[in-house]
Amino acid sequence: MAVAVDWLDAYRAGDIEAILDLHADDAVVHCGCCGVQTITGRAALRAYWTDRLQKYPAGTLDDLNPSDRGTVISYATSTGVMSALMAFDAAGRIKVLDCSPLR
């Protein structure tokens with residue numbers, strides 16, 4: 001769960017390098033925030049997070065819970081509360097991130 005908090009802290013700070021460092025090299029992001037999209041590869045992740053940081057900056061932590069599939073974190077953005085499920089690799093880096101608006 002500490003990685004999820006570090007991720008949110010980096011997101012709120014707009015620190016693209018810290019965000020990318022928290023992701024595994026083969027990380028996959030499934031985003032349901034603005035239409036469904038799947039992002040893979042370092043360059044695509046950089047482009048995705050650069051856009052997110054500019055258009056949808058993160059605000060306060062809403063909730064944080066362990067799950068049988070990883071960690072679920074919800075947080076405020078300019079468009080409402082978002083939820084992200086994070087699964088981790090053996091090194092503790094984000095392997096899969098599934099995000100969508102909290103319903």
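Residues are numbered from 1 along each chain as its sequence is written, and side-chain values use heavy atoms, without hydrogens or water. In this predicted model, local features need pLDDT of at least 70 and side-chain atom pairs count only at pLDDT 80 or more, whereas totals for chains, interfaces and linings use all residues.

The open sheet consists of six strands in the order S2-S1-S6-S5-S4-S3, with mixed pairing. Strands (E, at least two residues) and helices (H or I, at least four) are DSSP runs numbered from the N terminus, and two strands pair if DSSP finds at least two bridges between them. Because strand S2 (37-40) and strand S3 (58-67) each have a single partner strand, they stand at the edges, and one side of each lacks a neighbour in the sheet. On average, neighbouring strands are turned by 20° against each other, direction ignored. Seven bridges join S3 and S4 in the antiparallel sense; Leu64 stands opposite Ile73 in S4.

Helix H1 (residues 2-13) packs on this sheet and touches strand S1 (23-31), S3, S4, strand S5 (80-88) and strand S6 (94-101). The direction of H1 makes about 165° with that of S3. Helix H3 (residues 42-55) also packs on the sheet, touching S1, S2 and S6, and its direction makes about 50° with that of S1. Axes are lines fitted to C-alpha atoms, for helices over the stretch in contact (heavy atoms within 4.5 Å), and angles run from 0 to 180 degrees between N-to-C directions.

The largest nonpolar core has 29 residues, of which Trp7, Tyr11, Trp49, Tyr75 and Leu97 touch the most other members. Such a core is a set of buried Ala, Val, Leu, Ile, Met, Phe, Trp, Tyr and Cys residues joined through side-chain atoms within 4.5 Å. H1 gives the largest share, six residues. Beyond four places in sequence, Trp49 touches Trp7, Tyr11, Ile16, Ile19, Leu20, His23 and Leu97.

Thr71 lies in strand S4 (residues 70-77) and counts as buried because its relative accessibility is 3%, buried meaning under 20% relative accessible area with a 1.4 Å probe, protein chains only. Its contacts beyond four places in sequence include Met1, Leu64 and Phe88.

Key:
Buried < 20%, exposed > 50% of the residue type's maximum accessible area, 1.4 Å probe, protein only.
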